[in-house]
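Please look over the sequence and the model shown here before reading on. The paragraphs after it lead through the fold step by step.

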Amino acid sequence: MQARNSAPRAHHNLSYRRSFFAIVLTFLFLINVSIAKQHAGHEMHPGHNPDTLNVALHTEPQIIEAGVSTILTFHLTDAKGEAVTELLVHHARVLHVLVISENLQTIGHIHPEDFDTRDIMTELEGMYTVHFTFPTAGRYILAIDIMNKTAEVSKHMYVNVTGEPKMAPRALDMRSEKSVPSYTDEGGERYTKAVSLNQSGDATYHVKMKAPEQIKAGELVTIRYHFSRDGKPLTELTPFLDAPMHFAIVDSELTGILHTHGTVPSEQHTGHKMQKKQPVSQNQQSPGGHHHQAGTPDKFGPEVNLMTTFPEAGIYQIFGQLKHTDQIIWLGFMVRVE
């Protein structure tokens, strides 16, 4: 009896083992297919969508005080909360920070590369740090500009600064010709301090701004700037951060910033459009615009042009920044848009 049953029982065990191995092989095959799909999907990932870029601002100290050096850390994440790290260098920097006071008189233009304390390891976690001393107490708008492999992105937020002295009230200055300050380059095309337009700098330049008699919202306009010193036109202006001139355009309601760039008259350019931004509360952000161009000549002057479009009626302050020898020139002109 036992001899007769051994063969069927062995056959049964063999079938069982074959079925078991078939199940295991199928399971492993499905796992490999899943991994392959995930890997392929990762390689085809288009990058961070600018509409889903989140920026959280951390300050040290947490309460910002006028006259006290403050560490500003911008934490960049995507919609999934993952760090945004693959930033491209644009205009000689990976991240541009603009700081403008509510009275439209103080400006700063700084970058992580401007400081010896730059920490590459924290940037690999999506955190980019700058240092800034706010000169007066009051409200400021901060804007950052970045570029990754898919898009250029701008975000802005607000901070309140405590202490003394208090920020002076905003005043209209519609002059089209004025003397403006300059400050000596700190090295490597950088100037990390706040600049107040009503203070004297290391040198003085003369600027004439020529704008259309009437600027209409939604229409492309060209604004021309003529630079001179001691009665002589400046013909040896040099590029600053890969542009003839940097501009920061802010409306009097402080609803956003457009960081854009000028052109020399011989360049062909289509202009920049300032996008309308909705007001946001402190530590919230909204998208903006940022543009750049290549091919800036090594020497140019005495004129630089700005081509832009203002989104709606109002008063706008147009800050400018450019370079002559070792001097970084700062200027601000207000225009009225109908």
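Predicted model: local features only at pLDDT ≥ 70, side-chain atom pairs only at ≥ 80, totals over all residues.

Residues are numbered from 1 along each chain as its sequence is written, and side-chain values use heavy atoms, with hydrogens and water left out.

The protein has two helices and 19 strands; helices (H or I, at least four residues) and strands (E, at least two) are DSSP runs, numbered from the N terminus. Of its 338 residues, 46% are buried, where buried means under 20% relative accessible area, exposed over 50%, and partly exposed in between (1.4 Å probe, protein chains only). A contact is a pair with heavy atoms within 4.5 Å. Among contacts between residues at least 6 apart in sequence, 70% join residues at least 24 apart.

Seven bridges join β1 and β2 in the antiparallel sense, and E60 has I71 in β2 as its bridge partner.

Strand β2 covers residues 69-77 and includes T77. T77 counts as buried because its relative accessible area is 13%. Leaving aside residues up to four places away in sequence, T77 touches T52, L53, N54, E82, A83 and V84. The C-alpha atoms of V84 and G126 are separated by 5.0 Å, although the two residues are 42 apart along the chain.

A second open sheet has five strands in the order β7-β6-β3-β4-β9, again with antiparallel pairing. Here β7 (152-161) and β9 (195-196) are the edge strands, and each pairs on one side only. Within the sheet, β3 (residues 96-101) and β6 (residues 138-147) pair in the antiparallel sense over six bridges. One example is I100, whose bridge partner in β6 is I141.

H96 lies in β3. With 1% relative accessibility, H96 is buried. Its contacts, not counting residues up to four places away in sequence, are H90, H91, H109, I110, H111, A143, I144, D145 and H259. H96 and P112 are 16 residues apart along the chain, and their C-alpha atoms are separated by 8.0 Å.

The last feature is a pocket. On a 1 Å grid over the protein atoms alone, a pocket is an open set of points where a 1.4 Å probe fits, with protein on both sides within 12 Å along at least five of seven lines; lining residues have an atom within 4 Å of a point. The second largest pocket has a volume of about 250 Å³, a volume being the space filled by probe spheres set on the points. It is lined by 17 residues, of which Q105, D173, R175, K178 and L197 are the closest to its centre. The elements giving two or more residues to this lining are β8 (177-184) and β19 (327-337).

How values were computed:
Pairing = 2+ DSSP bridges.
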